[in-house]
Each structure stands twice: as structure tokens, then as C-alpha cells.
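Hi everyone, thanks for making time this morning.

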Amino acid sequence: MNHPPKRRPRGAPLNHAPEAVTYARERAGLSKRDLAQAIQISEQLMGQIESGKRNATLANLKKLAVALNCPLVVLEAKRPTAPQGEGAS
């Protein structure tokens with residue numbers, strides 16, 4: 001029985017910054033195919049991660065960071081910080 005691929009719900013935040021993944025891959029001189037093979041995912045999934053259509057799991061983000069020789073924090077999505085209350089120190 002075929003199940004449709006899991007997709008992130010519309011509006012759900014990504015775990016990664018797609019443009020950062022693409023930038024790091026290009027800086028490393030790798031094609032999507034080469035990087036996908038290096039971290040053992042499909043080339044299609046790699047493209048969807050870079051385009052922001054699919055969410056990268058934490059495990060895949062860690063593999064990407066290693067394969068790209070890049071700190072994990074560079075690939076992670078930047079979350080807005082909660083505003084600090086006035087007078088807080």
C-alpha cells in the first residue's frame with residue numbers, strides 16, 4: 001500500500017533555512033545529487049529541502065552540517081526571540 005509522502009503543514013515553521021543549505025552546498029562545490037548521496041537521502045528530497053517544500057529532520061540537518069563542513073547553527077532556521085519586558089535586566 002502506497003502512502004503519500006509526509007508534507008509539513010502549511011505555515012508550519014521549517015527546522016532549517018533553505019537558502020543557507022543551498023549557499024553552503026554551493027560553497028562546498030557539491031551538486032544536489034552529490035550532497036544527497038553523501039547524506040543518504042534522495043535527490044528529490046534534497047531539492048525539496050532546499051526549496052523549503054519539505055522540512056529537514058534534525059538528523060538530516062546534522063548530516064548536512066558534517067557533509068558541508070558547516071556549523072549546524074548556520075543551517076538552522078532563525079527563530080524570532082520573544083520581546084523582553086521593559087525594565088528587565
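Here is a question to start with: which residues in H2 meet which residues in H3? Lys32, Arg33, Leu35 and Ala36 are the ones in H2, and they meet Glu43, Met46, Gly47 and Glu50 in H3. By contact I mean heavy atoms within 4.5 Å.

Before going on, a word on what you are looking at. This is a predicted model, where local features need pLDDT of at least 70, side-chain atom pairs count only at pLDDT 80 or more, and totals for chains, interfaces and linings use all residues. Residues are numbered from 1 along each chain as its sequence is written, and side-chain values use heavy atoms, with hydrogens and water left out.

Now the overall picture. The protein chain has five helices and zero strands; helices are DSSP runs of H or I with at least four residues, strands are runs of E with at least two, and both are numbered from the N terminus. Buried residues, those under 20% relative accessible area with a 1.4 Å probe and counting protein chains only, make up 33% of the 89 residues.

Back to H2, which covers residues 32-39. Its buried residues are Leu35, Ala36 and Ile39. Seen down the axis of H2, they fall within an arc of 100 degrees, so they line one face of the helix; the arc is taken from the directions from the helix axis to the C-beta atoms. That buried set packs against H1, H3 and helix H4 (58-67). Turned away from it are Gln37 and Ala38, which are exposed, meaning over 50% relative accessible area. Just after H2, Gln40 has a positive phi of about 60 degrees.

How do the helices cross? The axes of H2 and H3 come within 8 Å and cross at roughly 110 degrees, with axes being lines fitted to C-alpha atoms over the stretch in contact, and angles running from 0 to 180 degrees between N-to-C directions. That makes H2 roughly perpendicular to H3, the word for 65 to 115 degrees.

H1 (residues 18-27) also meets H3 (residues 43-51): their axes come within 6 Å and cross at roughly 120 degrees. This pair is therefore oblique, the class left over once angles under 35 degrees (roughly parallel), over 145 (roughly antiparallel) and the perpendicular range are taken out. Pro18, Val21, Thr22 and Arg25 of H1 make this contact with Met46, Ile49, Glu50 and Ser51 of H3.
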